[in-house]
Each structure stands twice: as structure tokens, then as C-alpha cells.
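Have the viewer ready and follow along.

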Amino acid sequence: MKGYGKETILAPLFKMLEASFELMIPLVVAAIVDTGIYGGKQDYIVKMCLVMVALGVIGLACSVTAQYFAARAAVGVAAKLRHRVMERILSLSYTQLDKLGTSTLVTRMTSDVNQVQNGVNLALRLLLRSPFVVFGAMIMAFTIDAKAALIFVVLIALLCLVVFGIMLITMPMYRKVQEGLDGVTSATRQNLSGVRVLRAFCKEASEVEAYEAYTQTLTKRQQLAGRISGLMNPVTFVMVNLAIVVLIQVGAIQVHSGVLTQGLVIALYNYMSQILVELIKMANLIITMTKAGACAKRIEAVCSIEPDLTLGTKKPAGMGKVEFRDVSATYEGASEPSLEHISFTAEPGQTIGIIGSTGSGKTTLVQLIPGLYRPSSGQVLIDGVDVMDLDIKSLRNQIGMVPQKAVLFYGTVRQNLLWGRAEATDEELWQALRTAQADKVVQEKPSALDTQVSQGGTNFSGGQRQRLTIARALVRKPSLLILDDSASALDYATDAALRSSIRNMENPPTTFVVSQRAASVRFADQILVLDDGKLVGQGTHKELLRSCEVYREIYHSQFPEEVASCD
């Protein structure tokens, strides 16, 4: 709420002003009945009616002003909250993000924040106003008649028990509702991202059934919480109307005794009606705040997570030397390590090929270099300094990383390339495109660098997306370049031209090429062969053909004609 102090004060203040004018209305009505109607004074009736209209207009002005300030604060708080959650998410390590899951983070950024926004809005408007009217009506009743006012005291005490009892019961229920929404979000995201695969395998019916199961679970939780919350209005209605019956009976006796006038009984009745209206508002406020409280705890759970990947303050030298010293890595919750006792050295400017079967730990290895994951044992050194001692921003500014899945963002080609380096010139962008073999792709578009990129880059083919993401990494002019199976959609000729152009760059980076193609790594200065997380081979192509059975099998499976020629 910092930064919205003025709105936080003015919204409830104007609401309480409105409530003050509202509490005067029953006294005006009593005066009209007792003095105007009973005394037959038409002028007095007109005058008091004008007073009522004036009170109503002033109250409306106060209400609109309060609504404005409350909405301004609520929207501002939601915006700051989303920013804070996103900031915290971006600071978390891959391990923590894997543990939390994408769907729950999306729900907390959208639905949960919206519920908190609604809660803040209603709280600023009603949290003080409703109790003020309820207790104000009780105090005004005491000024009229103490005996009749005792009914107000008993009623308010009973209503507080009902309202807060229901709130305590439903708060954990609404938390489960939001957890159920996580499941629905996850299923929706999975189905939308994999819709082509679903259709290809004719799995629409089974996925619809699975989706219905998620929604049914969510519906049942919502119904149970809704039924209990729904008791609030009828219970309060019954209790207030019973209190009105008792009040009229007591008032009639007091009027008959001459203690009260008819106008004052009407005033008491109006105060009771005001309590009824405010309690209905209060009930809705409690339900909304219960939901908001449950959602706020879920948001707080994300914001309170401390990043476990805290790097140091040293600056990398920018030479591009990488050394692994007896490195092992295990994913959170995994029973076995993904990498075991990996040791090698990559000199500046060298090309390191990494090859192995699926699941052998190739991606895990290269993700340790920029500090995306923390090794469970051993050291990863960049230019002689442990990665954990380096400043994370400086480190990653010197690394160009192209992940397995080529991701482009909505915008233009130029905007996507400038992610690599914001101050890059057009000439530098074209140079990166030429090196990545993507210059013709862009030149063929009518708008060239200003060509629009759809969300996810779906208006480009898989190979074009891969070349554009490689160009984006090269714009940075990195000292370390990591290509994590990022040429899988390229033909052999384009792949070879790409590798050649990277080697021929001025001040070429130390390049790590992860691939399942032997052709992509055979000309590397050093090839690392991984098998089930272990380094089973290390050397050049010719050396590994002689010494490494795993590499030999991979190579001969892809180039059987060479085996035949040897025979």
C-alpha cells in the first residue's frame, strides 16, 4: 500500500462521511412524523424533505469520491503486486521454478492478484463504513431509548458470531479452490500448447474427459465453499427481521406508555433496516476478503521464497575459459544424479562438442555454466573463478545461450534481436544474422528487420526460428556461446555453414555445441561424450573413434556407409 497513503485515508474517510449523513436520515424522518405530520405543518414537512434530499446528494458525492480513491488504490496495489511477484519469479533459480510449476505461478499472477485487488477495493470502501453504520445505529438507538437499544446490542453480538464463524470456516476452503484452479490452468495450458499433437493422435475425447475431471473437482470445492458462504445472507436476514419484530413490539409498548413517539419508533426501525443493509454488504465484504486473504497467502508464499542461487560480486575476465572440476549435479527430488564427476577444460576460442543419447545430461551440463543450476558437488570455473563467486548479471552478459526450444517474442525481428544487446546498431544486427545464416530469411520479408513476429514466432518455420535465436545470442558478442541442440531443425549444409561462420568470427567465442548429430560435433576441438550422466569419452573425432565405444556406435549409426566402405 506504500505510495497510496492518500487514497488509503481518503477512501474510508469519505465513506464514513457518507455514513454520517445516512445516520441522520432516520432522525429527519422522525421529525417529519412527530412535528410535521402529527402537527399538520406542511411547510415543515417540505423543509425537512429538502434537508433529506440535500443529505442524499452530499452522501452521493462522498460515495463517488470514495469509490474513485478506492479503485485507484486497488488497481495500483494490484499492479505493484504483479510487478513484485514477477520480479521474485525472475530471481528464482531453475530448481525453484521447476518445484513451483508454471501453472500455479500463472494463477497467482492473474486470478490471485485479481482477488486481492477486489478485496482491497471493498475493504477501503466498506471495512470501516459498515461497522461504523452498525455501531453508529446502535449508539443512535441508545440516544432514543435504552431499553429498545438493548435489542441492537444482542443482535450485533449474535451477528458477529455468525459472520466471523463462517469466515473462519470458509477461508481454508477458498484456498483449496485456488489450488484447484491451478490444476485447471495447468490442463488448459497443456492442451493449448499441445493442440496439434492431440489432434494428430486423436486424443481430443480423452483430454476433454481429463479436463472435465479437473473442472468437476474445482466445481465441487467452489460449491461447498459457496454453500457455507451463502448461509450468511439468509441467516442475517432472519436474525435482523426477528429483531425488528421484537423492536416493534417493545416500541409499541413504549408508545402506549408515552415513553416514545411514533416518529422515534420509525427511527429505530430505520436504524434496524440500516443494520440489515450494512450486514448484507458486510457479508459480501467478508466473503470477498476471505477469498482475498487466501489468495494473498498464496502470493506471499511466492514472494517469501528466497532465491537459492545467490552468486557473488566478482566480474568475469571475459576470456572465455571454462573448467569443470569433478562436477556432479542432481535435480530437486531426483533419486539419482544427472551428472557425475565431470572434469574438463575448454580454452578460450575453442569449440566443444557435447554428444550423447537422450537423457545423458548434455543440457544439464551447459546449464551449469551460466549458473542456471547449482552443482551438487565440484566446481564450475569461468576464467579461473568459481561461477558461484561471480556477479550473475555480468556473467550472463558475457554468455550467449540458445536453448533447445527456439523462443521468439511478440514484436518485430529488430526488437527480438536487441534482446541480445539493446544498443546494437543495424549493421551489427545484420552481421549477427549473416553469421547465423538468417540474413536471407529476414531480407525476403517486405519489412526486413521491422517484420512482425507473432507470439512464439509461429509465423516463422522451426529452422528460421532457430537461426533467429542464434543471431540474437550473437548480437551480444559473447565470450561464451552455448548452442543447446539449437540446430536440430537445420539441414546439414546450413548447419555446417553456421559452424564455419562462427569459427571464422573475429574474436570467436568459446562455443559449446550440444547435439545428437555426430556431423555437428565431429570438427570440434574437443568432444565430450556423455552416457547416463558420466563422461565416457573426451577428445577429437579421430581419437574417440578409436577409444570410445559409445561415440563409435553413435557415429556409425548415423554414417553406416562409412562402416560398409571399411568392410
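Two strands pair if DSSP finds at least two bridges between them. Helices (H or I, at least four residues) and strands (E, at least two) are DSSP runs, numbered from the N terminus. This is a predicted model: local features need pLDDT of at least 70, side-chain atom pairs count only at pLDDT 80 or more, and totals for chains, interfaces and linings use all residues. Residues are numbered from 1 along each chain as its sequence is written, and side-chain values use heavy atoms, without hydrogens and water.

Start at strand β1, residues 322-329. Strand β2 (residues 339-346) pairs with β1 in the antiparallel sense, over five bridges. Within that pairing, Glu323 has Thr345 of β2 as its bridge partner. Strand β4 (residues 377-382) also pairs with β1, antiparallel and over five bridges. Here Phe324 stands opposite Val380 in β4. How many of the eight residues of β1 are buried? Six are, so the strand is mostly covered. Buried means under 20% relative accessible area, exposed over 50%, and partly exposed in between (1.4 Å probe, protein chains only).

Now the salt bridges. The rule asks for a side-chain nitrogen of Lys or Arg within 4 Å of a carboxyl oxygen of Asp or Glu. By this rule the count comes to 17. One of them joins Glu7 and Arg72, at 2.7 Å from N to O. Glu7 sits in helix α1 (residues 5-39) and Arg72 in helix α2 (residues 42-91), so this pair ties together parts 65 residues apart in sequence. Glu7 is buried, at 4% relative accessible area. Arg72 is partly exposed, at 43%.

Lys315 and Asp391 form another salt bridge, with the closest N and O atoms 3.8 Å apart. Lys315 lies in the loop between α10 (262-303) and β1, and Asp391 in the loop between β5 (385-386) and α12 (392-397), so the pair ties together parts that are 76 residues apart in sequence. Lys315 is exposed, with a relative accessible area of 59%.

Asp495 and Arg517 also form a salt bridge, their closest N and O atoms being 3.3 Å apart. Asp495 is in helix α17 and Arg517 in the loop between β10 and α18 (518-521), 22 residues apart. Both residues of this pair, Asp495 and Arg517, are buried. Elsewhere, salt bridges link Lys15, Glu18, Glu22, Arg129 and Glu278 in a network.

Patches are made of residues with over 30% relative accessible area and no salt bridge; like charges are joined within 9 Å, and nonpolar side chains (Val, Leu, Ile, Met, Phe, Trp, Tyr) within 5 Å. Phe142, Leu150 and Val153 make a nonpolar patch of about 250 Å². Phe142 lies in helix α5 (residues 129-144) and is partly exposed, at 36% relative accessible area. A patch of negative charge gathers Glu336, Asp531, Asp532 and Glu553. Of these, Glu553 is found in helix α20 (residues 549-558).

Last, the backbone. Most residues other than glycine have a negative phi. Cys202 is not a glycine, yet has a positive phi of about 55°. Cys202 is in the loop between α7 (195-200) and α8 (204-230), and counts as exposed at 62% relative accessibility. Asn507, also not a glycine, has a positive phi of about 55°. The loop between α17 (492-503) and β10 (510-514) holds Asn507, which is exposed at 66% relative accessibility.

Technical notes. Accessible areas come from the Shrake-Rupley method with a 1.4 Å probe; for residues, only the protein chains shown count as cover. Lys and Arg count as positive and Asp and Glu as negative; His and the chain ends are not counted. The place of a charge is taken as NZ of Lys, CZ of Arg, CG of Asp or CD of Glu.
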